[in-house]
Amino acid sequence: MTAFTRSGNAVGSTLVPSELLIGGRWRPASDGARFEVRDPATDLPIAGVADASPADGLLALEAAEDAAADWRAVPPIERGELLRRVFETITERREEFALVLSTEMGKPMEEARGEVRYGAEFLRWFSGEAVRVHGRYSVAPDGASRHLVHRKPVGPCLLITPWNFPLAMITRKVGPALAAGCTVVLKPSELTPLSALLTAEVFQAAGLPPGVLNVITTTKAASVVTPLLRSHRLRKISFTGSTEVGRRLLADSAGTVLRTSMELGGDAPFLVFEDADIEAAVDGAMIAKMRNMGEACTAANRFLVHEKVAEEFAAALAMRMGALTVGPAADEGSEVGPLIDARSRDKVHGLVTDALDRGARLVTGGGPLPGPGHFYAPTVLCGIPADARLMTEEIFGPVAPILTFRDEREAIRLANATPYGLAAYAYTRDLGRVTRLTEELETGMLAINSGLLSDAAAPFGGVKQSGLGREGGAEGIAEYLETTYVRLPGPVS
């Protein structure tokens, strides 16, 4: 499906770089190592890329540090214009980017096109935010002095992105970092490195100076990342991934007191109240659950439905889930692609089996699909016991467990009964209830009567063990800025 060439990897008609980008130059790993990228629909190799060593990681960080002063000095409007050029190029080449990320990640082409639009939007948003980094000037309360507050780039950043949104998770981090005047070492997931390499090539073509964006692809994440976290050169880490890995990175960051942004696991409740528009709630549930085959940190993980409407909601959701077309991303009619790998598929099936063993009722789906690839049938379960693992573990697959509640107080208690707090969804027509949910749900984001949350212009992030910091919105660029306070003398009389 994909042929390797001397200058890169050809995915369809698109040539994708296959080496590390360090200091503006594409180069092999220092020890010559390479690794295969596989299509999750077939489990066959589609490309080979450089497998960075710890020495390569340190070279990338050195390049980022060397470029930091010059990039910080570039006028904000010019940094913004460069991001805008990259936005325009990615938008123009949407089909190429969609093909690459669909092939390496498995999502259907229409979803892949949607991710390209969504991912590019972060570049457009932060191209405007580059010129909106403001400080302040004020008179001290006693009148004797003046206070000047200045915002400036934090410095070289390590950005670690996951496999489930191979383009959007990159632009959501790289966009604000570059807009703020920071330089970057980007480490994409080893499962989906091709989108990162293609994106980096577009940045180079747009005129990004050498060393401002460096890309290290590797299967040796811990051994490559740990020396970077211990280096005095690195000033910030931004990570999207599991809470388990996030905890380790936070611990490792303590030694040099790094600035950290962590977007970690989710356990999103989807609440359907007795006054909800059930048809609209099912539409929203399909988006919140099945976007990206359920492989999203914001995916609805637990459906909490009022007992008066639970049967109606479950029947309608099961009918919609069971009618979905499951197949390879290359098939234009596919609505549900494969899970990323066999381990993920096996984990999802283990959660379903555990729930059934504990007394849950299967409404539709319930198992892996035969044949090549890592496909899992869209599944709806009812009567979920409280001790089922999928009540406390992130599913990351096309499985919708439905529980019932008696009243609003119980719904809020069940929704908050998790160590996570990234996203939540609620369907109701009661404005007072919306206010109460806003104030009482322990979540960083809440969608009312909608199955969609993410927007480049809005802050994305969670509370509790779902992470630290925000991405997107005006808050997103603040994560890459330091604050300096200057005391000035008062006017001379």
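# Close-up views of selected residues and helices

Figure 1. Asp43 is partly exposed, with a relative accessible area of 35%. (Buried means under 20%, exposed over 50% and partly exposed in between, with a 1.4 Å probe and protein chains only.) The model is predicted: local features need pLDDT of at least 70, side-chain atom pairs count only at pLDDT 80 or more, and totals for chains, interfaces and linings use all residues. Residues are numbered from 1 along each chain as its sequence is written, and side-chain values use heavy atoms, leaving out hydrogens and water. Asp43 lies in the loop between strand 6 (34-39) and strand 7 (44-50). Asp43 is not a glycine, yet its phi is positive, at about 65°.

**Figure 2. Thr218 sits in the loop between strand 12 (213-215) and helix 7.** Is Thr218 buried or exposed? Thr218 is buried, at 0% relative accessibility. The backbone oxygen of Ala52 lies 2.9 Å from a polar atom of the Thr218 side chain. The backbone nitrogen of Lys220 is also reached by the side chain of Thr218, at 2.9 Å. (A polar contact is a pair of N or O atoms within 3.5 Å; within protein, one must be able to donate a hydrogen and the other to accept it, and residues adjacent in sequence count only if both atoms are side-chain atoms.) Leaving aside neighbours within four places in sequence, Thr218 is in contact with Phe35, Asp51, Ala52, Lys187, Glu190 and Val224. (Contact means heavy atoms within 4.5 Å.)

**Figure 3. Helix 7 (residues 221-229) meets helix 8 (residues 243-253).** The two axes come within 9 Å and cross at roughly 35°. (Axes are lines fitted to C-alpha atoms, for helices over the stretch in contact; angles run from 0 to 180 degrees between N-to-C directions.) Which residues make the contact? Helix 7 brings Val225, Thr226 and Leu229, while helix 8 brings Leu249, Asp252 and Ser253. Now look at the buried residues of helix 7: Val224, Val225, Thr226, Leu228 and Leu229. Their cover includes helix 1 (54-73), strand 10 (157-160), strand 11 (184-187), strand 13 (236-240) and helix 8.

**Figure 4. Helix 9 runs from residue 278 to residue 290.** How far does helix 9 reach? Its 13 residues span 18 Å from first C-alpha to last, close to the 18 Å expected at 1.5 Å a residue. (The expected span is 1.5 Å times one less than the number of residues.) Asp277 caps the N-terminal end, with a side-chain oxygen 3.2 Å from the backbone nitrogen of Glu279. The buried residues of helix 9 are Ile278, Ala281, Val282, Gly284, Ala285, Met286, Ala288, Lys289 and Met290. Among the elements that cover them are helix 4 (109-129), strand 15 (268-272), strand 16 (300-306) and helix 10 (310-322). Strand 19 (399-405) and strand 21 (423-427) are also part of this cover.

**Figure 5. Asn292 and Met293 follow helix 9.** The phi of Asn292 is positive, near 60°. Met293 lies in the loop between helix 9 and strand 16. Met293 is not a glycine, but its phi is positive too, at about 60°. Met293 counts as buried, at 0% relative accessibility.

**Figure 6. Ala411 is part of helix 12 (residues 408-416).** Ala411 is buried, with a relative accessible area of 0%. What does Ala411 touch, not counting residues up to four places away in sequence? The partners are Leu271, Phe273, Leu304 and Phe405. Ala411 and His306 are 105 residues apart in sequence, but their C-alpha atoms are 8.1 Å apart in space.

**Figure 7. Ala423 belongs to strand 21.** Its relative accessible area is 5%, so Ala423 is buried. Beyond its neighbours within four places in sequence, Ala423 is in contact with Ala268, Pro269, Thr298, Thr443, Met445 and Leu453. Ser261 is 162 residues from Ala423 in sequence and 17 Å from it in space, C-alpha to C-alpha.

**Figure 8. Thr428 lies in the loop between strand 21 and helix 13 (431-440).** Thr428 is buried, at 1% relative accessibility. Its side chain joins that of Arg433 in a polar contact of 3.0 Å. Not counting residues up to four places away in sequence, Thr428 touches Phe273, Asp275, Ala276, Arg433, Val434 and Asn449.

Technical notes: Helix = DSSP H or I, 4+ residues; strand = E, 2+ residues; numbered from the N terminus.
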